[in-house]
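Here is a short briefing for a reader who is new to this structure. Look through the sequence and the model, then read on by topic.

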Protein chains: 2
Amino acid sequence: MQYASKMTSDSETEATWPRGRRSSFVAQRVRDMIVAGDIEAGTRINERVLTEQLGVSRTPLREAFKILEGEGLVRIEPNRGATVVSISPEEVEAAIEVLIGLESVAAERACERATPQMIAEIEQLHTAMVDAYKRGELMEYFHTNQTIHQRIVDCAHNATLSRIYAAESARIRRYRYAGNRRSERWARAVFEHEQILDALKQREGALLREVLRAHHLNGWSVTRNVLESEMSKANG
Amino acid sequence: MQYASKMTSDSETEATWPRGRRSSFVAQRVRDMIVAGDIEAGTRINERVLTEQLGVSRTPLREAFKILEGEGLVRIEPNRGATVVSISPEEVEAAIEVLIGLESVAAERACERATPQMIAEIEQLHTAMVDAYKRGELMEYFHTNQTIHQRIVDCAHNATLSRIYAAESARIRRYRYAGNRRSERWARAVFEHEQILDALKQREGALLREVLRAHHLNGWSVTRNVLESEMSKANG
DNA sequence: TATACCCATATTGCATGCAATAAATCGTCA
DNA sequence: TGACGATTTATTGCATGCAATATGGGTATA
């Protein structure tokens, strides 16, 4: 058995990771697999399989599980080990409420504290994102989009805010991806991102807060429908 | 050597914890020690000492360190193990900004979703807190105060919100305790809590948001001064 | 057929041993 | 005395072994 991974070819075993950072690297690899959806939600993770695949012993892997449990990506049950957490639409909505709240704080602070360099970087990302949209590269678009939101939060120069936003955002990433697949939402989202960029460039904190909020609520209303129809397909 | 703990008498060793939950229990114990200030900020934690004190092997202890690292309570460096994180006033302020943001989300939702039972529980806690204030029991006051804020957040019925709020709140707890020692701030804080309770009971979300925000900003301006003067004492 | 039980196997939780690294100690010499 | 290097000791990172638990399969019985 083998867990799929977009990072390495299937038969390949990892080169040994440096002593002292093995559990962090393992956590990063497993996190990537989970966030990317390479390991299906709800499945138990077999330690032996993953240790062989990653070329480390069980100790750093089990430490990695503790890290990922703290991030809400796996659940560890006694004698049953680690299971990839499955998140309901209600839980995704709850997390988005939180993300909106975090971005609200970030919006005001970002408009006060962002350096011209940071804004320029976001503008570049925005251009790249629009380009990906025009080329129809959904994955690239989605990834750049995520980066833009993270960078806006980073503009607030609040490490706690950036850390929590990144973790929560990763936790629900694979569920949010669903929404953008509808092309009419995709076009609308690109337009909203124009507004976001404008508000940031003009350093209008209250405006930025509101357009971000509306952007997420619009996105979620579409994503929720997609998720729910996918779930009813899966269950019926 | 021995790490102080308010939980057990000094010479006592733990009864063995149940198999399958040892790292969680160890994490809880170490978390309590750190949050209570029993282990000083900036100090390295010796694995051998703590394993002997807690009566577990190094494996669950090291797993607990990974959990606590995720919570921002310790930092793990290769070949140097776990160190209790020391937080600067700027970082406390950043975390408080986030807590205000989280409570802002919570305030609106709590006023929509709180059950009468939950509001009644908060009212009881409030009464107990005022009582502790009148008796001059600062520790009891502080603890009840923390519980009230957490319960208000819990009223929003958003598990993600509650989880993040609890973790961030714990992370900076020992730094916030400083502020309340000034009696004029203490009296003012009790008054502000009356306003908080009223707003919740009347389910005025926007009002609750604003009084909570003001409450934290007022508290922080006092706490910051105390922290900074303590730091200048420590360094000068 | 369905179900209860027993046994073999797989998997997990934890303690421990060993190697790598850091820290402390001691001796040497300026 | 104090700076420097070598050597010992302590500490950490990781792999592994063993015991506890869960899991799957087969058989007997209703």
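Two strands count as paired if DSSP finds at least two bridges between them. The model is predicted.

**Strands and sheets**

- In chain B, strand β2 (residues 74–77) and strand β3 (residues 81–84) run antiparallel and are joined by four bridges.
- Chain A has an open sheet of three strands, in the order β1-β3-β2, with antiparallel pairing.
- The edge strands of that sheet are β1 and β2 (74–77) of chain A, and each pairs on one side only.
- Two bridges hold β1(A) to strand β3 (residues 81–84) of chain A in the antiparallel sense.
- R44(A) has T83(A) as its bridge partner in β3(A).
- In general, strands of a sheet pair through backbone hydrogen bonds, either parallel or antiparallel.

**DNA strand C**

- DNA strand C is surrounded by 26 residues. The closest come from both protein chains: R58(A), R62(A), G20(B), S57(B) and T59(B).
- Of the atoms of DNA strand C within 4 Å of the protein, sugar and phosphate account for 71%.
- The side chain of R58(A) reaches a base: one of its N or O atoms is 2.9 Å from a base nitrogen of DNA strand C.
- R19(B) also uses its side chain, with an N or O atom 3.2 Å from a sugar or linking oxygen of DNA strand C.
- I45(A) uses its backbone instead, with an N or O atom 3.4 Å from a phosphate oxygen of DNA strand C.
- Elements that give two or more residues to this surface are β1 (44–45), α2 (47–54) and α3 (58–70) of chain A, together with α3 (58–70) of chain B.
- α3(B) gives the most, with three residues.
- The surface near DNA strand C has 14 charged, seven polar and five nonpolar residues.

**DNA strand D**

- Around DNA strand D there are 26 residues, and G20(A), S57(A), T59(A), R58(B) and R62(B) come nearest.
- Sugar and phosphate make up 71% of the atoms of DNA strand D that come within 4 Å of the protein.
- N46(B) places a side-chain N or O atom 2.9 Å from a phosphate oxygen of DNA strand D.
- A polar backbone atom of E47(B) is 3.2 Å from a phosphate oxygen of DNA strand D.
- At least two residues each come from α3 of chain A and from β1 (44–45), α2 (47–54) and α3 of chain B.
- α3(A) supplies the largest share of this surface, three residues.
- By class, the surface near DNA strand D has 14 charged, seven polar and five nonpolar residues.

**Contact between chain A and chain B**

- The interface brings 28 residues of chain B into contact with 29 residues of chain A.
- About 2,400 Å² is buried between the two chains, and carbon and sulfur atoms give 51% of it.
- E63(B), K66(B) and E97(B) supply 24% of the area that chain B buries against chain A, more than any other three residues.
- Between chain B and chain A, 14 residue pairs are in polar contact.
- On the side of chain B that touches chain A, α3, α4 (89–113) and α7 (159–176) each supply at least two residues.
- α4(B) gives the most to that side, with nine residues.
- That side of chain B has twelve charged, nine nonpolar and seven polar residues.

**Salt bridges**

- Over all chains, the structure holds 42 salt bridges.
- Eight salt bridges cross the interface of chain B and chain A.
- R62(A) and E63(B) form a salt bridge, with their closest N and O atoms 3.6 Å apart.
- Within chain A, the side chains of R31(A) and E71(A) meet in a salt bridge at 2.7 Å, N to O.
- This pair links distant parts of the chain, 40 residues apart. R31(A) is in helix α1 (residues 22–35) of chain A, while E71(A) is in the loop between α3 and β2 of chain A.

Key: Residues are numbered from 1 along each chain as its sequence is written. Chains are lettered from A and ligands numbered from 1 in the order in which they are written. This is a predicted model: local features need pLDDT of at least 70, side-chain atom pairs count only at pLDDT 80 or more; totals for chains, interfaces and linings use all residues. Side-chain values use heavy atoms; hydrogens and water are left out. A residue is near a molecule or strand if one of its heavy atoms lies within 4 Å of it. A polar contact is a pair of N or O atoms within 3.5 Å; within protein, one must be able to donate a hydrogen and the other to accept it, and residues adjacent in sequence count only if both atoms are side-chain atoms. Ala, Val, Leu, Ile, Met, Phe, Trp, Tyr, Cys and Pro count as nonpolar, Asp, Glu, Lys and Arg as charged, and the others, Gly among them, as polar. Contact means heavy atoms within 4.5 Å. Buried area is the accessible area (1.4 Å probe) that two parts lose on being put together, summed over both. A salt bridge is a side-chain nitrogen of Lys or Arg within 4 Å of a carboxyl oxygen of Asp or Glu.
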